[in-house]
Amino acid sequence: MPYSAEISRANPTCFLFLIDQSESMRDPIGGGDVPMQKAEAVADAVNRLLSELSIKCAKEDGVRDYFHVGVIGYGAKVGPIFDGALAGRDLVPLSEVAAQPARVEERTRPASRGRSALAVKVPTWFSPVAFGDTPMTGALTLARTVLARWLAEHPGAFPPIVVNVTDGESTDGDPSPAAAALRGLGSTDGNVLLFNLHLSSDQSDPVVFPSGDDHLPDDYARLLFRMSSPLPDDMRNAAVRRDVSMSDGARGFAFNADISSIVQFLDVGTQVMDLR
């Protein structure tokens, strides 16, 4: 059965995030308690996910390399966007990521539900950027190059998961062929999974994990839907058990996502089951 490979230090999988860094990512995003730009909300969510992965994989002997992770930005240029000691690297074993955040920021967690405000330390690996166009095709093409190399070294891995986060249309041509080429890569356990997360500035309801494009508002939304992989059964069933509503055939796609939708999407889209 595909998408059932055991994930271990000897047989890791990988997560690759593609982050839109175009000028429009300066726009505000809806759904949060504190006003934020889209670029800030995405950087916060992905940095938080990297921190949580590091904690999840920490054992007595250190952080185990169940995952290799990478973050590619696309805006004024296309390329890896880790800051600090990891700058320039496209995929990095998780133990190295955990050991080398670019900085540790001190922030104040707001008071809520009887809990006092609290100063917390937050590790971050890359910074929010919003400048340039939206060369999505270039980012998908680079992702294919990076993952083809990684899969040659890990032919039996649980297939890599690529999460593309964007708020706009591609400015370097139709991204569909590049997306298809990326999804066409695979291991003996299945093809690369490509999930697409579209961000919103308005207050209309998000469409998250749809199984069809009937209710999507325009051709661009339908294009991103078609570019997105169906969720594997184990991933979908795990999400349903956590009260995330979706039906058979649901795809890894969200349209008009606000801050809470980003967090939910990343939690579901990076849920893999069989760690050893």
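How many aromatic pairs does a search of the whole structure find? The search finds five, where Phe, Tyr and Trp rings (for Trp, the six-membered ring) pair if their centres lie within 6.5 Å, with planes under 30 degrees apart called stacked, over 60 edge-to-face and the rest tilted. Before we look at one of them, please note that this is a predicted model, in which local features need pLDDT of at least 70, side-chain atom pairs count only at pLDDT 80 or more, and totals for chains, interfaces and linings use all residues. Residues are numbered from 1 along each chain as its sequence is written, and side-chain values use heavy atoms, without hydrogens and water.

Let us start with F225 and F253. Their ring centres are 6.2 Å apart and their planes meet at 75°, so this pair is edge-to-face. Because F225 belongs to helix α5 and F253 to strand β14, the pair ties together parts 28 residues apart in sequence; helices (H or I, at least four residues) and strands (E, at least two) are DSSP runs numbered from the N terminus. Both F225 and F253 are buried, meaning under 20% relative accessible area, with exposed over 50% and partly exposed in between (1.4 Å probe, protein chains only).

Ring pairs also bring in F255, linking F225, F253 and F255 into a cluster. On the face of F225 you will find R251, at 4.6 Å from the ring centre; a charge sits over a ring if NZ of Lys or CZ of Arg is within 6 Å of the ring centre and within 35 degrees of the ring normal.

Now to the backbone. N256, in strand β14 (residues 253-257), has a positive phi of about 70° although it is not a glycine. N256 counts as buried because its relative accessibility is 10%.
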